[in-house]
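Biologist: Hi, could you walk me through a few residues in this one? I'd like to start with some contacts.

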Amino acid sequence: MSDKTNTLKYEVGALLYSPANTDKLLRQIISQRIAPPYSAVLCLEDSVGDSAVEEAERFLLGTLLKINLISQSTDKYIPKIFIRVRCPEQALSLYKRAGSSFRVVTGFVFPKYTLSNADAYNNAVREINKSCDRPVYMMPILESNDILSLTTRIAVLSQLKEKIAEMGDLVLNIRVGGNDFCSAFGLRRNIDQTIYDVGVINSCLTDILNIFAQDYVVSAPVWEYFDTGTSDAWKKGLKKELKLDRLNGFIGKTAIHPSQVAAINKALRVTMSDYKDAVSILDWNCESSGVEKSRSNGRMNEVKCHTKWAMKTVALARTYGIIEEKPSVPKNHLDLVSVKR
């Protein structure tokens, strides 16, 4: 993986979801109400009715045109923009119809990416990249029933990894459809529960991470509660799930409401002690020893075991910042320390 792609894959972060047939994303960009960084996805799939697809496509193309004009005439923050399509043919069509406005699109999100459509989606991305003067990326979503089913899961995931590997650096993230998995069982977590409390879903997520997380950034399932102005229970639940996301190996999360972006970004920040250890590991110059005491806390750093962790930690710190832990104040009072970019 190239250095540019290796950095970019961590920058997707909070992916703000927006139906393609509304001007929500455009208004967010114009108002600049969301503190960066964040990414955005314009959805043509399950947020748009079957009879409204053509109209939604026209609306999406108009949105891209307006965002392109904004990007050229102002210094407003423009997020990385992705298009969630219904089929491979739609991706090719939109690329051709968007013309010069496609320059604001980073890539495509492919829902229900599985063995029956993987080749077609891959070929669509290859065709687009043949004529585009920059990389156009893909982010497949793992959410089909053959992945959820225990009888087919490992075989399907293993074969899907081979299909995804064919695309090399053009794959930014692997995304996971947690709500689709829950839907198959008629399950839904409450505001004080996490996806990891749902046993059958937890099992599936663990297997996805086991097969993909060593080689790819895997994004966590969406949290479906957001700010209504009446309670902060949604935020407490989201923070709890984000903590478990990071612990288990997920990086980033789809946001269904702007209020979720800040919490997701904060969860992606790195503690100062982790950052110092990561830099120390990557700057290791002692040939006689592969182990040393952490400079900032009482733990062991081992260069062979912790190098991959260190690379990921530094990449996240450069994008999302560092949290300095002050032992003299309670843990919930943390100061953000800027990092050189």
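Predicted model: local features only at pLDDT ≥ 70, side-chain atom pairs only at ≥ 80, totals over all residues.

Biologist: Where does N68 lie?

Modeller: N68 is part of helix α3.

Biologist: And is N68 buried or exposed?

Modeller: N68 counts as buried, because its relative accessibility is 4% and the cut-off for buried is under 20%.

Biologist: Thanks! Switching to I78, where does that one lie?

Modeller: You'll find I78 in the loop between α3 (53-73) and β3 (80-84). With a relative accessible area of 24%, I78 is partly exposed.

Biologist: Which residues is I78 in contact with, leaving aside its neighbours within four places in sequence?

Modeller: Those are I29, I67, I70 and S71.

Biologist: How many Å separate the C-alpha atoms of I78 and D146?

Modeller: The separation between those C-alpha atoms is 37 Å, and I78 and D146 are 68 residues apart along the chain.

Biologist: New topic: which residues touch the most other members of the largest nonpolar core?

Modeller: That would be I208 and F212, in a core of 93 residues. Apart from that core lies another one, made up of 10 residues, including L8, F82, M139 and L172.

Biologist: Back to I208, what is it in contact with beyond its neighbours within four places in sequence?

Modeller: Leaving those neighbours aside, I208 is in contact with L142, I147, L157, V176, F181, A213 and V218.

Terms used:
Residues numbered from 1 in each chain as written. Heavy atoms only, no water. Helix = DSSP H or I, 4+ residues; strand = E, 2+ residues; numbered from the N terminus. Buried < 20%, exposed > 50% of the residue type's maximum accessible area, 1.4 Å probe, protein only. Contact = heavy atoms within 4.5 Å. Core = buried A, V, L, I, M, F, W, Y, C linked by side-chain atoms within 4.5 Å.
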